[in-house]
Amino acid sequence: MLSVPPHRKGKTVNLARLDLNLVVALRVLLEERNVTRAGRRIGLSQPAMSAALARLRRHFDDDLLSRVGGHYELTALGQVLLDRTATAYDVLERLFASQADFEPATESREFRLVASDYAVAVFGVELARVVHAEAPGIRLRFTQTPATVVEDTAPLLSATDGLFMPHGVISGFPATDLHDDRWVFLVADDHPSVGDRLTRRDVARLPWVTYQRTYDAPAVRQLGMLGIEPQVEVSVDSFHLLPLLVAGTRRIALIQARLARMLAPVAAVRVMDPPYEAVPLREALWWHPVHTHDAAHIWLRETAARVGAKLLRAP
């Protein structure tokens, strides 16, 4: 564990006296681990970059970069600061990019949204249609939800414009509800031992195909209270692949009902109700608090809410 020098314990930082340019300098120094390359990257001379490093060393009371042979390596504190600095830089960049007004019909910008392939198929496609019609200069870039989303929610939200994720997986950040869904199971059409109904015994004994980490879904966590632990045989980063990995096997998979209906023609599988009262799914758009009062993000959230309301009216 990194120890804190006694004279720095409990120290607070006066942001009014802090040169925020040092955040930029700190980030490139930690990433490049070379004063000359770091200076070249942000347009500073080698002496100016060396001076910035000296100021940072005084502030943190640590070398940050230490020479090992013919190159520099990060100190223990430098390694800790590497990820934190990237997160802080992203937050500051998005903070100072905030707008007081936003005219969707004339604006040109990109929103980066983190979403599973389920969220893109069920919600993102319709959102993109609406944005295309109302804001032709707006670009949406959907990126895959990482498996570490629970542990890294804060840095993920700080570096993006929003995250599509159902309630019950993450918490502690603002969100707007979009639409509801329910969980169903996929079973092969020709499954040799599953009849007209799936039983709890089936869920306990049969191998599973899961999306990323099984236990993140509240509907799966419920199984623990029933004394059932899924036997995961295959894990994949795409909900769309679940039917293909179930068809022709003894495996089962938990999937959202809306997506299951869309994928019905893809593979020879049956859609079956859970043998327990699975908690419903409520999809939401989550964001970092720095975006709360930004006009562009307010428009994005209001547009997403309208699309969600339309989905709620659909069967």
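Start with the aromatic rings: there are seven aromatic pairs, where rings of Phe, Tyr and Trp (its six-membered ring) pair if their centres lie within 6.5 Å. Select Phe142 and Phe164 for one of them: the ring centres are 6.5 Å apart and the planes sit at 40 degrees, so this pair is tilted (planes under 30 degrees apart count as stacked, over 60 as edge-to-face, and the rest as tilted). Phe142 is in strand β4 and Phe164 in strand β5 (residues 162-166), so the pair, 22 residues apart, links distant parts of the chain. Helices (H or I, at least four residues) and strands (E, at least two) are DSSP runs, numbered from the N terminus.

Buried or exposed, what is Phe164? With a relative accessible area of 3%, Phe164 is buried, while Phe142, at 27%, is partly exposed. Here buried means under 20% relative accessible area, exposed over 50%, and partly exposed in between (1.4 Å probe, protein chains only).

While you're on rings, pick Phe102, Phe111 and Trp299, which form one aromatic cluster.

A quick word on the model: it is predicted, so local features need pLDDT of at least 70 and side-chain atom pairs count only at pLDDT 80 or more, whereas totals for chains, interfaces and linings use all residues. Residues are numbered from 1 along each chain as its sequence is written, and side-chain values use heavy atoms, with hydrogens and water left out.

Now zoom out. The protein has 11 helices and 12 strands, and buried residues make up 47% of its 315 residues. Among contacts (heavy atoms within 4.5 Å) between residues at least 6 apart in sequence, 76% join residues at least 24 apart.

Next, colour two helices: α5 (residues 117-134) and α11 (residues 295-313). Their axes are 10 Å apart and they pack at an angle of about 120 degrees. Axes are lines fitted to C-alpha atoms, for helices over the stretch in contact, and angles run from 0 to 180 degrees between N-to-C directions. That makes α5 and α11 oblique to each other; angles under 35 degrees count as roughly parallel, over 145 as roughly antiparallel, 65 to 115 as roughly perpendicular and the rest as oblique. On the α5 side the contact includes Val122, Phe123 and Glu126, and on the α11 side Trp299, Thr303 and Arg306 are among the residues involved. By class, the contact divides into nine nonpolar, two polar and four charged residues. Ala, Val, Leu, Ile, Met, Phe, Trp, Tyr, Cys and Pro count as nonpolar, Asp, Glu, Lys and Arg as charged, and the others, Gly among them, as polar.

Show Leu22 and Leu26 of α1, plus Met49 and Phe60 of α3, all part of the contact. This contact has 10 nonpolar, no polar and one charged residues.

Thr145 lies in the loop between β4 (138-144) and α6 (153-158), and counts as buried at 3% relative accessibility. Leaving aside neighbours within four places in sequence, its contacts include Val114, Leu163 and Tyr211.

Last, click Ala204 in helix α7 (residues 200-205), which counts as partly exposed at 28% relative accessibility. Neighbours within four places aside, Ala204 touches Ile228 and Gln231. The C-alpha atoms of Ala204 and Gln231 are 7.3 Å apart, though the two residues are 27 apart along the chain.
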